[in-house]
Amino acid sequence: MSGIVIIGAGQAAASLAAKLRTEGYEGAVTIIGEEPVAPYQRPPLSKAYLLGEMPLERLTLRSPEFWAEQNITLKLGTRVDRIDPAAKRVRMAGEVLGYDQLALCTGADPKRLAPALGGDLGNLFTIRNLADIDALEPQMVAGKRLVVIGGGYIGLETAAVARKLGLEVTLVQASERILRRVACRETADAVRALHQAEGVTILEGTSLRELRGDGVVDSVELVDGTVLPADLVVVGIGVTPATRLAEEAGLVLGDGIVTNSQGRTSDPHIWSAGDCAEINLNGARMRLESVGNAIDMGELVACNMLGAGKDYQPKPWFWSDMFASKLQIAGWNGGYTRVIAKNVDGQSFWYFRDDQLIAVDALDAPRAYMVGKRLIEAGSDVTPAEVEAAVDLKTLMRR
């Protein structure tokens, strides 16, 4: 059977497959996923799902009836052994599947601690998929001592959930501040204050020396000599793109699977979308790890598979829930030269590259997020002085 085969069963894969059908493609569509469950949302895993506020039925992206009605085949719990680009075949245990076009939506894998650091101890967790959360959730018991390694969004969201569940939480960040890779100092200061007010201990500028324990972790030793008692540890130190199949197939790699402006890889019959795909954003080669990118790029690739010939123009947006607060982010702040902090209807932080507005972080400031997103996507020439002076942010759209 030929047709379109999609490897990976996350948001990008689901969006790509659904778009193929809405665009009128009538050939075979097959999604192959290693997890035994149908495509589901990942962002709620470290938030509402871990808190027990979102059941599995609401986590899934589509109902079982949708896949059947759209004649989209799901091969779940299935690992692809290799791709044969010359023969245009995908090889799995006991099965070979031909394709006319192939999409790699393989996502990314969490970075793990080496065994030499105690990475093989029990009660050590990462957060990436449903199985990770199902293993962690029974350990999230009030009174237990949790140490979180890593001060990015995953680490901070996990810390917030744990505090809400009554655990004692210490978060360890190796660099000089939390969110160093993704946000400005002003945003980090606001997020730190939020966590500290809720009882999270945040240790910055110190890193892990090793995890200790006899089979199961019982303490965390830091390089400065501090020893933290721990009943469980969550490691949130980033991800690496899942590129094994692409590499073995001889595709060009960078920080992920290199794609052109239309989502095509170095093989004309193979495309890529989502967290594993390296794209061009404002002249920089990078990956965008976000739901918005997975949806938009997945749909674009579907259209281009059918001959649309459209270039991808990312419109980045992100969000994070921590305690009762929501951080919403519009744009991409790479190369910013100035940040303007506003305390109008919440806290917001406006990033400029010289005089060009490029991103906004909005903490409990939905109006700032909405205004900033519209201005950025419109390529507005709003100036730093105008943002600084604005009392009503909506006036920035009527200038």
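**Helix α9 and its surroundings**

A: The crossing of helices α1 and α9 is right-handed (the near helix is turned clockwise from the far one by less than a right angle). The model is predicted, with local features requiring pLDDT of at least 70 and side-chain atom pairs pLDDT 80 or more, while totals for chains, interfaces and linings use all residues. Residues are numbered from 1 along each chain, and side-chain values use heavy atoms, without hydrogens and water.

Helix α1 spans residues 11-22 and helix α9 residues 291-305; their axes lie 7 Å apart at an angle of about 35° (lines fitted to C-alpha atoms over the stretch in contact, with angles from 0 to 180 degrees between N-to-C directions). Helices are DSSP runs of H or I with at least four residues, and strands are runs of E with at least two. On the α1 side, the contact (heavy atoms within 4.5 Å) is made by Gln11, Ala12, Ser15, Leu16, Lys19 and Leu20. Helix α9 contributes Val291, Ala294, Ile295, Gly298, Glu299, Val301, Ala302, Cys303 and Met305. These residues divide into 10 nonpolar, 3 polar and 2 charged (Ala, Val, Leu, Ile, Met, Phe, Trp, Tyr, Cys and Pro are nonpolar; Asp, Glu, Lys and Arg are charged; the others are polar).

Helix α9 also gives 3 residues, the largest share, to the lining of the largest cavity. A cavity is a set of points on a 1 Å grid where a 1.4 Å probe fits but cannot get out, and lining residues have an atom within 4 Å of a point. The count comes to 1 cavity of 30 Å³ or more, and the largest has a volume of about 30 Å³ (the space filled by probe spheres set on the points). Leu288, Ser290, Gly292, Asn293, Asp296, Tyr312, Pro314, Lys315, Pro316 and Trp317 line this cavity; they comprise 5 nonpolar, 3 polar and 2 charged residues.

A pocket is an open set with protein on both sides within 12 Å along at least five of seven lines.

Strand β21 belongs in turn to an open sheet of 4 strands, ordered β18-β19-β21-β22, with mixed pairing (two strands pair if DSSP finds at least two bridges). The edge strands are β18 (253-254) and β22 (284-286). Strand β19 (residues 256-258) pairs with β21 in the parallel sense over 2 bridges, and Val258 stands opposite Glu278 in β21.
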